[in-house]
Number of protein chains: 2
Amino acid sequence: EQGTARVRPVFERKIPAGDDRERLVCGTCGFIVYDNPRIIVGAVCTWEDRVLLARRAIEPRRGYWTVPAGFMELRETTEEGAAREVREETGARVRIVDLLALYNLTHISQVHLIYRAEMMDPHHAPGQESLETALVAWSDIPWDDLAYPTVSWALRDHAQRIGLSNFAPAGRPNGSP
Amino acid sequence: EQGTARVRPVFERKIPAGDDRERLVCGTCGFIVYDNPRIIVGAVCTWEDRVLLARRAIEPRRGYWTVPAGFMELRETTEEGAAREVREETGARVRIVDLLALYNLTHISQVHLIYRAEMMDPHHAPGQESLETALVAWSDIPWDDLAYPTVSWALRDHAQRIGLSNFAPAGRPNGSP
Ligand SMILES: [Zn+2]
Ligand SMILES: [Zn+2]
């Protein structure tokens, strides 16, 4: 029926009037997409001396392990977003402690804000985006089966700051790809 | 002529299939706008004991004073974005030192990342978005003519950390609106 006809928009890169760089502009209606860097919020969550990991149930990197993290949503703080992602992916309830790291991933225009968080109790259970969840000792971290380099950065940055407080957030390791 | 006809897109808020919250969907072509929080990058820049301010040439808050800051762009780091905004608005060349503050402004879905920066030389000059620029002593800061609450937060957070290094970034002051 006519009301549900859909035209897939075709975007072209051009510099809109009054702007100074190329934007994605809809070739059909002229709508300008101000495509901005995205914020990923997440947390390294601990219970006693263990860290909370989740095995991804979705692509990309299905089957690999990660710390809970995902896209920040509108109208939430970065801390609220990190706690929400933890809850959605691992079922855990946490108290956000402080900002562990800020990683710039310029090739995909993402800024990762990874917090330290303490679990309120040892409960965890996989959400829809996870196959399983686990509280893992440092010696049992599956380094070869982590989903992304950022996960290993966050775990190492966490390990280096146990017992510390009031520190500058870590950045990308020197020489990281 | 036909090729330049433009239809202003009308967006409706609805939950796309497979999603769990409302998004802005184009009523004409079905394009989903994933409207994410925006990152503002900026810096409190110093030369000796003075801070660099710019008086805004554009709305909103034309004529009021600010520290240089603006929307982070694609494919730059947060530090590069802060230095770029400084250069664009004040003509100054700076070295980014560390992350002074992370302010969540949930009512407008913005995350402000404000760095400390050292000017490489005392040169500054207004860019297109500034009426004038100034290196201002603490006692001369125009508190009643600052453009935004975030500017006064950043200046006060800066003053409290002179001589300190390796600290956690400041957050919003308690009880701020
Ligand atoms: Zn369109
Ligand atoms: Zn459209």
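The model is predicted, so local features are described only at pLDDT of at least 70 and side-chain atom pairs only at pLDDT 80 or more, while totals for chains, interfaces and linings use all residues. Residues are numbered from 1 along each chain as its sequence is written, chains are lettered from A and ligands numbered from 1 in the order in which they are written, and side-chain values use heavy atoms, with hydrogens and water left out.

**View 1. Chain A on its own.** Chain A has two helices and 10 strands (helices are DSSP runs of H or I with at least four residues, strands are runs of E with at least two, and both are numbered from the N terminus). Going along the sequence, the pattern reads β-β-β-β-β-β-β-α-β-β-β-α. The C-alpha trace spans about 55 × 40 × 30 Å along its principal axes. Of the 177 residues in chain A, 48% are buried (buried is under 20% relative accessible area, exposed is over 50%, and partly exposed is in between, with a 1.4 Å probe and protein chains only). Take the contacts in chain A with a separation of 6 or more: 58% of them are between residues 24 or more positions apart (a contact means heavy atoms within 4.5 Å).

**View 2. Where chain A meets chain B.** Each chain puts residues into this contact: 44 from chain A and 44 from chain B. Together the two chains bury about 3,700 Å², with 56% of it on carbon and sulfur atoms (buried area is the accessible area, with a 1.4 Å probe, that two parts lose on being put together, summed over both). The interface also holds 13 residue pairs in polar contact, both residues at pLDDT 80 or more (a polar contact is a pair of N or O atoms within 3.5 Å; within protein, one must be able to donate a hydrogen and the other to accept it, and residues adjacent in sequence count only if both atoms are side-chain atoms). On the side of chain A that touches chain B, at least two residues each come from strands S1 (11–14), S4 (38–47), S8 (94–105) and S9 (110–119) and from helix H1 (78–90). That side has 20 nonpolar, 10 polar and 14 charged residues (Ala, Val, Leu, Ile, Met, Phe, Trp, Tyr, Cys and Pro count as nonpolar, Asp, Glu, Lys and Arg as charged, and the others, Gly among them, as polar).

**View 3. Charged pairs across the interface.** Side chains of opposite charge can pair when their charged atoms come close. Four salt bridges turn up between chain A and chain B (a salt bridge is a side-chain nitrogen of Lys or Arg within 4 Å of a carboxyl oxygen of Asp or Glu). B:Glu73 pairs with A:Arg21 at 3.6 Å, N to O, and with A:Arg23 at 3.1 Å between the closest N and O atoms. A:Arg23 sits in strand S2 (residues 23–26) of chain A, and B:Glu73 in the loop between strand S7 (69–71) and helix H1 (78–90) of chain B. A salt-bridge network links A:Asp20, A:Arg21, A:Arg23 and B:Glu73.

View 4. A:Glu73 makes a salt bridge with B:Arg21, with the closest N and O atoms 3.6 Å apart. A:Glu73 lies in the loop between S7 and H1 of chain A and B:Arg21 in the loop between S1 and S2 of chain B, so this pair joins two chains. A:Glu73 is buried at 12% relative accessible area, whereas B:Arg21 is partly exposed at 26%. A:Arg84, in helix H1 of chain A, is buried at 15%. Leaving aside neighbours within four places in sequence, A:Arg84 contacts A:Phe71, A:Met72, A:Glu73, A:Glu76 and B:Arg21.

**View 5. Strand S5 of chain B and its partners.** Five of the seven residues in S5(B) (residues 50–56) are buried. S5(B) runs antiparallel to S10(B) (residues 130–137), with seven bridges (two strands pair if DSSP finds at least two bridges between them). B:Leu52 has B:Leu135 as its bridge partner there. S4(B) (residues 38–47) is also an antiparallel partner of S5(B), over two bridges, and B:Thr46 stands opposite B:Val51.
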